[in-house]
Each structure stands twice: as structure tokens, then as C-alpha cells.
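Here is a briefing for a reader who is meeting this structure for the first time.

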Amino acid sequence: MTETLVRVEKLSVTYPGRRGTTLALRNASFSLGHERLGVVGESGSGKSTLGRALLGLIPRPGIVTADRMEFAGESLLGASEAQWQRLRGRRMSMIMQDPKYSLNPVRRIGDQIVETCLLHLGSTRRDAERRALAMLDAVRIRDPDHVFQQYPHQLSGGMGQRAMIAMMLVAEPDLLIADEPTSALDVTVQNDVLRILDDLVRNRGMALLFISHNLGIVSSFCDRVLIMYGGKILEQIAAADLAHAKHPYTRALLAAAPSLDHPQATLATVVRDPAWLE
Amino acid sequence: MAGMIEVADLRVSFHGGSKAVHAVQGVSFSVAEGESFGIVGESGSGKSTVLKAIAGLVPSASAALTVNGRPAAQRRSKADRRQMQFVFQDPYASLHPRQTVDQILREPLAIHRIDRRDERIAAALAEVGLKPEHRFRYPHQLSGGQRQRVAIARALILRPPVLLLDEPTSALDVSVQAEILNLIVGLRKDNNLTMILVSHDLGVVAHLCSRIAIMQAGKLVEVLSAEDLRRGAAQADYTRKLVAASRGFNRAQPAI
Amino acid sequence: MKQSLTHWLMEDAPRSRRQAAMGSLYRGLLALVGNPPALVGLVIVTILVLIAIFAPFLDRGISPIAQDLGNRLAPPSAAHWFGTDELGRDIYSRTLYGSRVTLTIVGLVSVVVTPIGLAVGTLSGYLGGWVDSVLMRITDVFLAFPRLVLALAFAAALGPGIENAVIAISLTAWPPYARIARAETITIAKSDFIQAVVLQGASTWRILIRHIVPLCLSSVIVRLTLDMAGIILTAAGLGFLGLGAQPPTAEWGAMVSAGRDVILDQWWVATIPGVAIFLVSLGFNLLGDGLRDVFDPKDAS
């Protein structure tokens with residue numbers, strides 16, 4: 001791991017409600033360098049909340065507290081909306097599960113990417129178009145000029161996700177938060193999209209926070225993995241060491257997924273222990 | 001011996017506006033009594049459409065389509081319907097939002113005029129591992145896994161010989177998926193069910209099924225045993241790619 | 001006692017069908033009460049119903065049709081709280097009894113419009129094909145006419161009177177309900193839970209009546225409550241034109257019409273029933289908005 005880009009200590013997110021407050025994230029501490037960090041958990045584990053908190057996107061009335069939350073040496077705690085806008089899209093970016101909801105359906109792909117360029121880089125229109133085309137090419141879209149002119153609904157799921165990645169990366173952010181970027185895609189397309197992300201980390205030195213429910217993908221793709229449960233980070237482990245995970249939940253998750261290589265008569269079920277959250 | 005389910009040259013086309021989409025283009029297979037048969041494919045491969053055509057939910061054309069020796073016509077009688085039941089992918093959409101679990105399970109019994117309904121409902125809940133206290137809850141008061149259990153109970157309460165499952169666990173968390181898969185394995189054994197399972201997840205299909213059909217773009221690529229799939233004895237290139245892709249990220253794997 | 005009843009209603013694991021249904025109703029009521037504008041609407045509508053029921057006890061012994069020509073167009077006073085009209089009748093008493101006419105119209109229109117709209121809409125949406133085409137073209141024909149004009153034509157053809165006013169309003173009011181029910185049915189019919197009952201072997205009637213209609217009902221009721229204001233105004237309009245309730249029956253629209261000639265000098269004659277129409281319309285509108293929030297399936301969890 002090279003220099004640390006993100007440093008988070010005791011990050012908590014709470015939602016006050018009528019029946020008491022809900023703890024969406026409990027004292028999460030981790031750091032992220034120029035690497036692929038996987039965040040794995042089931043629904044309600046707080047993995048998406050973690051990504052959103054880093055981008056300052058926790059909706060009202062959610063409350064974010066932390067001892068420390070830094071991005072490239074700059075504290076994000078109590079950052080103003082102007083400060084967030086300067087960072088978001090320019091230096092940190094996010095891709096979501098389904099490109100359908102993140103791309104504007106009535107605007108051409110090219111125009112949407114160009115606009116991002118104009119907004120964040122302040123480049124000229126011609127330069128922005130050149131960058132947009134180069135980016136579409138970088139995400140391995142075969143015919144960038146054609147896709148540039150198309151509307152989101154004209155693209156397949158895999159192509160849409162690539163266009164989305166292109167739009168998010170055209171400003172060359174230092175940090176990319178990918179929330180289930182391949183869950184809506186077919187397995188054969190999944191690998192292509194992962195390879196694009198892989199290239200970006202290796203060649204451009206981008207930091208990647210990869211949020212997923214799929215332990216199989218995370219373990220084969222990421223360098224390190226955070227295992228989350230009930231808003232808490234239960235374990236941080238190198239992906240290569242997952243087979244020797246210490247926490248019973250991590251081991252149970254690994255055993256619960258039916259595997260092609262290790263057939264079992266009965267799948268192990270997860271027996272939850274309330275003590276995990278203490 | 002003729003199979004429990006015989007499908008010969010099944011074709012399904014959808015006519016949307018000016019162009020027709022041929023979702024299933026001549027699929028044939030046979031499933032023996034008590035066997036569990038899996039269909040794997042990516043989105044748009046037509047795997048779910050095959051299942052819906054067998055259930056009679058989409059209009060289809062075929063050389064032959066029989067279930068339990070009865071020809072499965074386009075118009076199905078009540079008795080035909082009792083031959084097979086269906087479990088849908090999304091447990092959030094497959095239960096009536098304004099009916100309690102009790103009402104949902106009572107409906108098939110009422111339709112087929114079956115007696116001792118209270119007793120049967122209680123037994124069906126127990127069979128799928130739900131407690132009596134779940135009986136009068138509404139779907140929105142249940143978790144995803146519990147809803148899928150209700151959907152399975154509803155399918156089995158008519159005691160059909162054939163169960164069709166369309167991605168029954170893909171909307172669920174891994175740990176919940178494990179519980180539901182274990183439940184299905186147990187129920188199949190206890191009731192000697194013939195099953196067809198459709199999924200995009202090779203792991204799930206190989207876990208539940210002994211024979212597996214691979215589908216791509218409306219056609220059967222190949223049918224092979226779960227053993228052969230595990231051993232890497234697949235004949236078709238596409239199957240091998242699918243197996244490689246499902247093993248996780250592979251930097252060296254070429255684009256398709 | 002109260003504590004245990006609330007507990008019984010809110011219990012997470014109801015033990016009988018009745019308890020589950022009551023609990024569901026109670027939660028809906030709580031949601032309605034927790035929405036201030038809806039609560040105001042509910043209160044106004046409840047007061048209207050109470051006034052209509054208890055009018056004979058509230059009228060201070062003054063008959064709504066008793067004339068006192070020596071005391072016509074008297075301003076509000078201790079004897080006549082809201083003054084008197086051009087025939088010397090007590091406006092307070094007439095306004096009270098007028099609520100009965102309004103409520104009758106509202107009730108009859110709902111009873112006629114809801115089943116027609118639901119039947120046409122769900123059949124059309126579920127069966128599709130030529131049934132859908134025929135039913136929807138008929139609906140279009142009715143939709144194409146301006147409502148008040150069509151109601152006027154019916155009232156003129158059938159003769160004036162409250163029953164005919166109700167028929168006229170109902171005949172012009174059902175098409176939007178059929179449209180709503182049809183749109184909802186088309187969405188619902190595609191859903192997995194309807195496919196599941198189809199696979200169980202349920203007949204078309206059973207699916208329509210037991211599974212689809214209950215789901216369409218809520219949006220139809222919401223629309224009906226929102227439309228009530230319009231229905232009351234149409235009824236008042238017909239009354240205003242002399243095609244609604246006939247004299248000497250007290251009807252708010254007719255009362256406004258009668259007070260029109262003297263509105264500058266004796267404002268109360270037209271204003272009091274006008275305010276009543278306004279308040280009741282507002283009440284139904286607020287209630288409808290609240291019901292929409294309660295019935296919204298997004299909030300069901």
C-alpha cells in the first residue's frame with residue numbers, strides 16, 4: 001500500500017426516528033490507499049451508508065459523526081456544501097448498481113460526459129469532447145463515436161455501465177466509490193467491467209472502494225476486504241487470506257454460498273451472535 | 001419410460017410493434033420423475049420464458065409439451081393447474097400486498113374446494129419453517145426470506161408433483177439463500193418433487209440440480225450433468241466461459 | 001383497558017384474521033390522524049354527517065320551510081342567527097337541513113359511480129382485446145362531454161328533482177373512475193401475485209373480485225373523495241339553475257341562487273350557504289389528500 005488517501009476513524013451514522021435512533025454505521029475505522037478495497041456485507045450491513053458518508057451524501061435527518069474523516073489530508077468533517085461540490089465529481093466519484101437510474105434518459109451519452117468535463121475541469125468544449133471520446137475508448141466501448149451520439153436506453157446493460165463509468169471517471173478522480181457496480185450485469189460482462197476498474201487502479205493510481213454483496217467477486221478482485229455486519233466493520237483482511245478468516249461471520253458467509261468447486265449436501269447457515277455488535 | 005415433463009421443439013415469440021422477438025427457438029428436453037433439472041443462462045437467454053411456457057403463462061408453440069403424461073394445452077383446466085406450481089423470483093412482488101399469509105394460503109384451497117383448510121394451512125407453514133405467529137401477518141411485516149417461504153408454502157399446499165422455480169433466491173442475501181436452498185432440498189426429498197430450476201448462478205444450479213441445461217440467445221447450448229460441469233467437462237465454448245466467469249474476477253480472461 | 005386494546009391492535013403477530021384486519025384498519029386510522037390537514041378534513045366531514053343526522057335537534061325549533069313574509073331578508077340576529085331569506089325563512093335552519101340534501105347526493109353518487117367505474121375499468125383492463133376497445137370507446141364518449149353541460153341535458157330530459165340530479169351527475173362522473181381502475185388493473189394484472197393465482201387455477205371472476213378490485217378500490221375511493229368537492233359544486237350548480245332539489249326543500253345551491261339578487265344589500269342570504277359549500281368541499285378535498293397518503297403502498301411497511 002502506498003500513501004494513504006482516505007483515513008477514517010470511528011465514523012458513525014445515525015438516523016433519529018420516532019421509535020428511537022437507528023445506527024446505520026457504528027464506529028467504522030479504516031484507511032484507503034491507492035488500492036482496491038472491498039466492502040462486503042448483506043443488506044442492512046451499512047456498506048452503502050459507508051460509501052455515501054465518504055461522499056457527504058447521507059440524506060437528512062441522518063447524523064454523521066467521526067473522530068476523523070480525511071481525504072488527501074483534508075478533513076471532511078463539517079465540510080461546507082461548497083467544499084463537497086469541489087471534491088465530488090472532481091476528486092471523488094461514485095458509480096451505482098444500475099446505470100438506468102444514474103444516466104439522464106433524455107440526453108445523449110456524449111453530452112452528459114462533456115458536461116461533466118466542462119463543469120469540473122473548466123476545459124473548452126472541443127477539449128471536453130476529445131476527453132469524452134478518449135474516456136469512452138478507455139472503458140472499451142468499441143465504437144465511441146457512435147455511442148457518443150446515443151441515448152441511454154439504446155445501450156445494453158454492460159454498455160450503459162461502461163458509459164456510466166466513463167462519465168464518472170472523465171474528471172480523473174483520485175477516489176472511486178463503486179456501489180455494486182456489476183450486480184445488475186451478466187457474469188460474462190461482469191469480468192469486462194471489473195477489468196476496466198482494475199486498469200484504472202493499476203495505471204492511473206486511482207483508489208477504489210468496491211462495495212458488493214458478493215464475497216466471491218470481492219475476494220478475487222480486491223486487495224483487501226472489510227466485512228460488515230449490522231453497521232459495524234467486523235474484520236479487515238487481505239483478500240488472499242479470506243480462507244483463513246478469523247471472524248465466525250466471515251467464515252459463515254464463505255460457507256453459505258453454494259460453490260461449483262466444493263459441493264456440499266447441506267449449506268451452512270449463519271448463526272448470528274448479538275455479541276458481534278458490541 | 002416417458003419423463004414427467006417432456007418438451008419438444010418449444011418456441012416462444014413476442015410480437016411488440018413491428019418486429020417479433022423469438023425468445024425461445026426450438027428447445028427440447030425431458031425431465032424424469034423426481035429429477036431436478038436446472039436451466040442456466042444470462043439475461044435474454046430465454047431461460048425464464050421456457051419455464052413460463054411450461055407453466056402456461058406465455059403463449060407458446062411446440063411439437064409436444066406434456067406434464068405427468070397430460071398434454072399441457074394453451075387453455076389449462078383446474079386439474080391441469082394442480083399438476084405444477086411456480087415460485088417466482090421476487091418475494092416482494094409475488095404476494096398480494098393486502099392479504100395476510102393465512103388468506104394467501106387459503107386461496108388455492110378454496111379454488112380447488114379442498115377441506116380441512118385450517119389444518120392444512122398450519123401444516124404448510126410448519127413445513128416451510130414458519131411459526132404459527134406468522135400466519136396472520138401481512139407480507140410487509142415479513143422479511144424477504146420469510147416471504148419466499150410463504151411463496152413456497154403456497155406452491156406446495158396443493159401437493160403438485162412438479163415445482164417450477166424461477167430464480168427463487170436471487171433477490172435474497174447469501175445467508176438467507178442458504179436457508180431457502182436447504183429448505184428446497186429437504187422438501188424435494190420429502191415430497192418426491194420433480195423440479196425445474198432457472199437461475200443465472202451456476203453455484204446454485206449445481207447445488208440443487210443433477211442435470212443442467214445451458215441456454216444462450218433462445219437456444220439450448222448443451223445439457224450436461226452437474227458432475228461434468230464441476231469437472232470442467234463442458235463441450236461448448238460458451239459453457240466454459242460461463243464457468244470461468246462464475247469463478248470470480250480473472251485478469252487474463254479475454255473479453256467476450 | 002385502553003392500553004391493552006392498543007396493544008391488541010398493534011400486535012406484530014395477530015392471532016386471528018379479525019385481529020389482523022382490525023390492526024390494519026387501526027394503523028391506517030393512526031396515519032390519517034397523524035396528518036393534520038387530513039384530520040381537519042375528517043373533522044369537517046364528520047361534523048357534516050353529525051349535523052345532517054341531528055338537524056331536527058339543532059334547528060332551535062324553527063322549520064326550514066316556515067315562511068314569515070313580514071320578516072323577510074332580516075339580518076343575522078339573536079332570533080335568526082344567520083338572518084332570513086326573501087320569503088322570511090330562517091337561513092340557519094335551512095343551512096342545517098341543506099346538509100342532508102348535500103349528503104344524500106354525495107352518498108348516492110358514490111354508491112352509483114364506484115361500482116360502475118370499477119366494473120368497467122377492471123373488466124376492460126384485465127380482459128383487454130375487443131372488450132377493452134368497446135368499453136373504453138364508450139367511456140371516451142362520456143368523457144368527451146363537458147360534465148355540467150351533460151348533467152344539464154340529463155336533468156332537463158329527466159325533469160328537475162334531486163333523484164334526477166343524482167342520476168345526471170353519476171352518469172357524467174363515472175368515466176374517470178373507469179380510467180383509473182383500468183390503468184391500475186393493467187399494472188396489477190402483470191404482477192407475480194396475480195400470475196400466482198392464475199396458476200392456482202382461479203377463474204377470471206374470482207381473480208377480478210377477490211384480488212384486483214380490492215387493490216383498485218383505494219385509489220377509486222381517494223379519487224371519489226377528491227371529486228366530492230366537484231360533485232357538491234355540480235349539485236349546487238344544478239340547484240342554482242333550478243334543476244336540482246325543488247322548492248321548498250332547502251338546498252345550498254338553490255339558496256345561493258336565490259340570494260344572488262340581493263347580494264349587495266343582504267349579503268348573508270347568498271354568503272352563508274356559499275360558505276357551507278366551500279367548507280364541505282374543502283373538507284372532502286383535504287380528506288382525499290390524506291387518504292391518498294394512507295393508501296399509498298410505499299408507506300405500507
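A salt bridge is a side-chain nitrogen of Lys or Arg within 4 Å of a carboxyl oxygen of Asp or Glu. By that rule B:Arg247 forms a salt bridge with A:Asp261, with their closest N and O atoms 2.4 Å apart. This is a predicted model, in which local features need pLDDT of at least 70 and side-chain atom pairs count only at pLDDT 80 or more, while totals for chains, interfaces and linings use all residues. Residues are numbered from 1 along each chain as its sequence is written, chains are lettered from A and ligands numbered from 1 in the order in which they are written, and side-chain values use heavy atoms, with hydrogens and water left out.

**Interface of chains A and B**

- Counting contact as heavy atoms within 4.5 Å, 33 residues of chain A touch 31 residues of chain B.
- The two chains bury about 2800 Å² between them, 54% of it on carbon and sulfur atoms, where buried area is the accessible area (1.4 Å probe) that two parts lose on being put together, summed over both.
- Across this interface of chain A and chain B the rule finds one salt bridge.

**Aromatic rings**

- Over all chains the structure holds twelve aromatic pairs, a pair being rings of Phe, Tyr and Trp (its six-membered ring) with centres within 6.5 Å, called stacked if the planes are under 30 degrees apart, edge-to-face if over 60 and tilted for the rest.
- The rings of B:Phe86 and B:Phe88 make a tilted pair, because their centres are 4.7 Å apart and their planes lie at 45°.
- B:Phe86 is buried at a relative accessible area of 3%, and B:Phe88 is also buried, at 3%, where buried means under 20% relative accessible area, exposed over 50% and partly exposed in between (1.4 Å probe, protein chains only).
- The rings of C:Phe82 and C:Tyr92 have their centres 5.5 Å apart and their planes at 80°, so this pair is edge-to-face.
- C:Phe82 is partly exposed, with a relative accessible area of 28%, whereas C:Tyr92 is buried, with 12%.
- A:Phe210, A:Phe221 and B:Phe249 form one aromatic cluster.

**Charges over rings**

- The charged end of A:Arg36 sits over the ring of A:Phe221, 5.9 Å from its centre, the rule being that NZ of Lys or CZ of Arg is within 6 Å of the ring centre and within 35 degrees of the ring normal.
- C:Arg223 lies over the face of C:Tyr177, at 6.0 Å from the ring centre.
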